[in-house]
Number of protein chains: 2
Amino acid sequence: MKVIIDGIIKEMQSVWMEDGNVKFIDQRQLPHEVEIFCARDPEEVAFAIRHMIVRGAPAIGVAAAYGVAQAGIQNRDLKQASNLIRSTRPTAQDLFTGVDFMLERIKAGNDPKMAASEYVNAVLDSCRKIGEAGESLINNGHKILTHCNAGALATVDFGTALAPIRLAFGKGKYIFVYVDETRPRLQGARLTAWELFSEGIPCALIADNASGHFMQRGDIDIVIVGADRITQNGDTANKIGTYEKAVLARENGIPFYVAAPLTTFDFSIMDGRAIPIEERSEDEVLNFTGKMIAPSNIKARNPAFDVTPARYITAYITEYGVVDNKAIPDLKKHAIS
Amino acid sequence: MKVIIDGIIKEMQSVWMEDGNVKFIDQRQLPHEVEIFCARDPEEVAFAIRHMIVRGAPAIGVAAAYGVAQAGIQNRDLKQASNLIRSTRPTAQDLFTGVDFMLERIKAGNDPKMAASEYVNAVLDSCRKIGEAGESLINNGHKILTHCNAGALATVDFGTALAPIRLAFGKGKYIFVYVDETRPRLQGARLTAWELFSEGIPCALIADNASGHFMQRGDIDIVIVGADRITQNGDTANKIGTYEKAVLARENGIPFYVAAPLTTFDFSIMDGRAIPIEERSEDEVLNFTGKMIAPSNIKARNPAFDVTPARYITAYITEYGVVDNKAIPDLKKHAIS
């Protein structure tokens, strides 16, 4: 992805391995600062995932794979390191996909660093293919809504939901993106707007409350979001608010697409009721850029994800093409392992 | 309403007239400071409305009535003062109701101060009756969702949406209120949470993105919101995001009520397409407490209201009882004038 630092455009990825360290663009500091966080061991990788230095399901999966690779390289207790990494966050499927992939490869005698590279390259390849598959859904003149950040930051590079958008823009299609700010952590405002601005893609930031209004007024032609976990029947856990957008899209006759690689699919559970939903700290709701926004002593509830039932989802944009939920069980044969 | 200042509970209203000045609890400073803004003339009243020192349709109507009263008392050009006040904000019907009421009364030879008192007392009486009418809709054990602030701050006292909630709690019903924070201006977090806390009513603040999730999980039994303008067919302009909540409520089989006095009904237009929607400054989306939340140079869109079509609204809680949209044209005969 393009990253503008002090006016100079650099080509970067959001997570990479360098001299045995796992390096991250620190997503807590964006959009104001591009700082690099360096994790020297699996404990520091776990810290980076838990504290959302890295977030976005595919990027979390890559971070997890690198963390297990470090455990292998550093001759640590693989089970202990894996369990620590697994415990960082409960919802994103890729976290478990990444850890399981690495444990199997290492157990089979593969070099940990090579195995991690294989996993990362598969994710990058999937995102490129998601871009190609999804690009054809975007017409010249389309106004697109996206929620949260399912961009290069969330996936090492290209993105899931943003990959087709990047490609459509690159092909010269005239497009416009409405970006939900995505409270409470403002991933839309801080991350998606930052990515789109760096790429020069026309966009406008809106409050999460406003997307229904723009749908109702005919200002949105297509909705594309990412995913944290997709079950066998197509139910999809994604950033809190996604369910609201999906219901509103259907109500307004607007196609609603979920873009995700196979690493995000959980073939072990049938439907969304079984997905654990992380509830995060009240402080994320009660404080806004470090300042209390509510009276002291007020309680808050802060579910970080919701589940969009498959019936609201037009189709899934995957590295194996654009498919409906009936085709999901059949994708299992392609799953990385 | 109860206002806690330095640990001491005071009984206050949000707008009042005192020695010829119009006084307001400055709603920009809540919940951290209870400051009083003093408007000495119609220009300062217009300033208070325009800059949202006072907001909420019924309270805006009262402020407007007081401003016109000041013009009368101070022997100003009534037409000029009225036009200035009318121009402050475009969506809330009460602004025009309040100005028109005062102009008619003054033209008929009434004392401006007495006329303003008559208007304010009518609003207070309406809110009391809305409380009584709506209270019966709230069952013991109900979990209620509200959006924005339709409380005492928005209506001089009692509130519209919050009036039934206050009364149900006062009668000893066990209730719980989910408060949408209501981006971009956070009236839920700053104002509704502050009012509920002062009254001791159990509540939790949530991101606007989370209310759909709680509806889907069966955690919300009833939704009550206020209104800025209701047309003859029942279409309702209210704070941005209201439309989203209404669609989600219907999708989840949850009753959705709009609480408003007759001063909010616009009997002159047939449906919501004719309601002017204010678009406010991009800065409200891009900045919070002086800190940019998005990259510089990013654009934002900031519609302050949306229109909920009548088909999503279960009923209207008015001072003439709980009515469906078919009954609205018949309410016209009761309209204040």
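1. Basis of the reading. Because this is a predicted model, local features need pLDDT of at least 70 and side-chain atom pairs count only at pLDDT 80 or more, whereas totals for chains, interfaces and linings use all residues. Residues are numbered from 1 along each chain as its sequence is written, chains are lettered from A and ligands numbered from 1 in the order in which they are written, and side-chain values use heavy atoms, with hydrogens and water left out.

2. Confidence. Chain A has an average pLDDT of 97, with 100% of its residues scoring at least 70; pLDDT is the predictor's confidence in each residue, from 0 to 100. For the model, ipTM is 0.97 and pTM is 0.97.

3. Extent of the interface. Chain B and chain A each bring 60 residues to the contact, where contact means heavy atoms within 4.5 Å. About 4,800 Å² is buried between the chains, and carbon and sulfur atoms give 61% of that area; buried area is the accessible area (1.4 Å probe) that two parts lose on being put together, summed over both.

4. The rule finds 6 salt bridges across the interface of chain B and chain A, a salt bridge being a side-chain nitrogen of Lys or Arg within 4 Å of a carboxyl oxygen of Asp or Glu. Glu244(A) and Lys245(B) form a salt bridge in which the closest N and O atoms are 3.1 Å apart. On the side of chain B that touches chain A, the elements giving two or more residues include α8 (187-199), α9 (211-216) and β17 (305-308), while α10(B) supplies the largest share, 7 residues. Helices (H or I, at least four residues) and strands (E, at least two) are DSSP runs, numbered from the N terminus.

5. Over all chains the structure holds 49 salt bridges, one of which joins the side chains of Arg89(A) and Glu278(A) at 2.8 Å, N to O. Arg89(A) lies in the loop between α3 (78-86) and α4 (93-107), and Glu278(A) in the loop between β13 (265-266) and α11 (283-286), so the pair ties together parts of chain A that are 189 residues apart in sequence. Arg89(A) is buried at 6% relative accessible area and Glu278(A) at 10%, where buried means under 20%, exposed over 50% and partly exposed in between (1.4 Å probe, protein chains only).

6. Two pairs in chain B. Glu199(B) and Arg166(B) meet in a salt bridge through their side chains (3.2 Å, N to O), linking helix α8 with helix α7 across 33 residues. Both residues are buried, and Arg166(B), at 15% relative accessibility, is also in contact with residues including Met1(B), Phe158(B) and Ile201(B). The salt bridge between Asp100(B) and Arg86(B) is 2.4 Å, N to O; here Asp100(B) is partly exposed at 32%, as is Arg86(B) at 26%.

Notes: Lists of a residue's contacts leave out its neighbours within four places in sequence.
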